[in-house]
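Hello,

Here is the structure I promised to pass on to you. Please have a look at it first, and then read my notes below.

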Amino acid sequence: MRLRSKLVRQFKYPVRWMAFLAGGVPAILVFPWPSLSYLAWFALVPGMVLFTRAATTREAVARGWWFGAAYLIAMLYWMAMQIGPGLLVIGGVFGCMWSPFAVAVNRLLKPPVSWPRALAALVVVPSAWLIPEWIRSYQGLGGPWGLYGASQWQHPAVLALASVGGVWLVSVALLLANAGLMLLLGAIRPHLLAPAASQEPASRPPAPQAPAPRAPAPRAPAPRAPAAQASPPLRRAAFAAAGLGAFVIAAGSGPLAFSLTPPFPTVRQSTVALVQAGIANVDDPVKRVDASETLTREFSAGSPLANEHPDLIVWGESSVAYDLAIDHSLLSGIEQLSVQERAEILVSQDSVIPGPDGGQEKVAVLVSPQGIQGRYVKTRLVPFGEYIPFKQQLGWLTKISKAAPSNMIAGDGAHTLTVASPTGNAKPLHVGVLVCFESAFPDMSRVETNQGAQFIVYQSSTSTFQGTWGPDQQGSLAAIRAAETGRPVAQAALTGDTVAFDARGRQIAWLGQDDQGVITVTLNLPAQSAKTFYDQAGDYVMWSGVGITALAALVMLLRRRHFLAHTTGAASSRTAEYDADTGDPVRS
């Protein structure tokens with residue numbers, strides 16, 4: 001009963017519901033479909049204000065937890081049809097990952113702010129935000145979906161930061177801007193950031209006191225400092241200038257990187273045809289294959305596309321429902337199609353592994369007139385859609401939702417495929433092939449680049465989430481991966497969005513969820529050896545953020561000698577104070 005009462009009590013604080021709202025609204029607005037990406041530069045300020053107004057570290061932790069829960073639930077709302085109430089469980093459990101961010105804001109930006117704290121805030125606050133992004137980047141916890149920096153997918157000038165430090169550096173720039181605005185707000189209206197604390201209510205009976213000892217001989221009283229002293233105007237102006245300067249630096253860092261990092265020289269051009277079957281009933285295996293074949297045949301004589309023979313034709317994920325290594329008739333039909341179109345075809349099949357320990361795989365298969373030339377097995381599987389993470393604890397979700405009844409088999413890692421011209425008129429083309437959900441992982445596209453891929457292609461199918469914002473969010477990730485690797489990126493979808501972006505993250509083509517057809521894109525390809533700084537240095541921004549946050553936490557613990565042994569109220573003759581928002585006593 002005691003635990004139950006504590007859990008129920010958490011829902012009685014209006015300010016925590018405000019923190020919930022402050023976390024959910026930005027996640028809804030800055031990502032596709034709304035894609036109001038400019039809001040990301042200041043959308044976190046309302047939540048950060050609530051964190052600074054928390055009178056205790058414990059309350060800041062609680063508000064950060066509520067904030068994070070809403071951020072996750074709002075960002076992943078489209079998964080509700082797949083996992084049902086499990087989405088609320090995910091938000092409630094993993095929302096705690098934003099608590100370090102809330103504590104950093106509370107400890108460093110709460111008035112009065114000193115110069116050391118202000119400068120530390122500009123480093124620690126963005127670093128603390130990377131903690132949940134780092135933890136979520138582990139596949140078992142859902143993968144790095146909805147990283148804050150990914151909201152800038154429409155702005156190649158900002159995405160230039162990704163070529164230097166990955167999407168993590170874009171997130172850092174956005175958080176630096178929000179922290180700078182908090183410094184500016186604290187200098188102009190410090191009362192807005194001050195904790196809402198009130199003295200103990202008069203209705204509380206005073207505690208019994210021991211008889212006062214005999215007063216010592218009177219002496220001159222020491223001067224008493226005022227309870228709250230306003231900062232001098234010049235000092236406040238300096239903090240305001242620092243906050244505004246931080247915002248300007250953050251906003252200008254992307255365009256500066258764009259001007260200092262020119263695109264790689266083009267060594268060749270390649271034309272790729274992306275086929276979007278757009279069929280309503282993806283459960284019918286015959287219709288899946290027929291739809292992709294029919295659209296591909298539009299390249300035949302008499303079609304407006306007859307003269308555009310591409311170097312590669314890409315079908316969407318699960319476009320073939322049978323194992324081509326077994327179904328020789330189907331393989332022969334695709335081989336003939338490859339001869340007719342004078343291009344190799346990258347299809348995607350659902351393979352069933354025979355035997356008592358068998359299972360199902362998602363496999364990209366490269367088919368030429370001579371047969372199968374290469375395979376790639378999907379490595380990063382979709383949580384709940386293709387496997388159940390922590391199945392022993394969360395397996396019950398299969399009974400109340402459409403979560404995967406069994407786990408699929410993952411591949412052994414990313415690798416490139418070599419596309420050859422059936423006519424011999426073009427040099428071999430080195431392609432990084434990944435499948436669907438893997439577009440969320442920066443490390444996989446980086447591995448492909450380091451293996452010599454000249455462009456990256458994703459095969460996708462999002463029929464389960466058709467009509468939601470999920471497919472649009474996935475399509476936008478291609479722009480991030482392009483900017484990070486300095487490679488063109490394309491995605492072909494069975495259902496969902498078929499997209500293409502150039503090596504700077506600029507949109508070339510976009511075929512929406514309700515569309516069907518074939519689009520051809522001509523891509524400027526760099527040399528295999530060309531690599532961005534992020535390709536070479538890896539996730540140094542993320543790991544630096546984790547290290548800085550850990551160091552800041554250690555410093556806080558060392559400075560608070562009684563961190564694990566709080567005393568309630570105030571010592572000596574000071575009056576006990578209580579948080580006006582929650583009613584909890586302010587702890588020293």
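**The sheet and its helix**

In this predicted model, six strands make up an open sheet with mixed pairing, in the order β6-β5-β4-β3-β2-β13. Strands here are DSSP runs of E with at least two residues, helices are runs of H or I with at least four, and both are numbered from the N terminus; two strands pair if DSSP finds at least two bridges between them. At the edges lie β6 (371-377) and β13 (517-525), each pairing on one side only. From one strand to the next, the twist averages 30 degrees.

Strands β4 (residues 344-352) and β5 (residues 360-368) run antiparallel and are joined by eight bridges. Helix α13 (residues 328-341) packs on the sheet and touches β3 (312-314), β4, β5 and β6, where contact means heavy atoms within 4.5 Å. Its direction makes about 40 degrees with that of β5 (axes are lines fitted to C-alpha atoms, for helices over the stretch in contact, and angles run from 0 to 180 degrees between N-to-C directions).

**Cavities**

There are two cavities of 30 Å³ or more; a cavity is a set of points on a 1 Å grid over the protein atoms alone where a 1.4 Å probe fits but cannot get out, and its lining residues have an atom within 4 Å of a point. A volume is the space filled by probe spheres set on the points, which are joined across faces, edges and corners. The largest has a volume of about 60 Å³, and its lining includes Phe31, Trp145 and Gln473.

**How to read this**

Residues are numbered from 1 along each chain as its sequence is written. Local features need pLDDT of at least 70, side-chain atom pairs count only at pLDDT 80 or more, totals for chains, interfaces and linings use all residues, and side-chain values use heavy atoms, leaving out hydrogens and water.

Best wishes

Methods:
1 Å grid on protein atoms, 1.4 Å probe; cavity = no way out; pocket = protein on both sides within 12 Å on 5 of 7 lines; lining within 4 Å.
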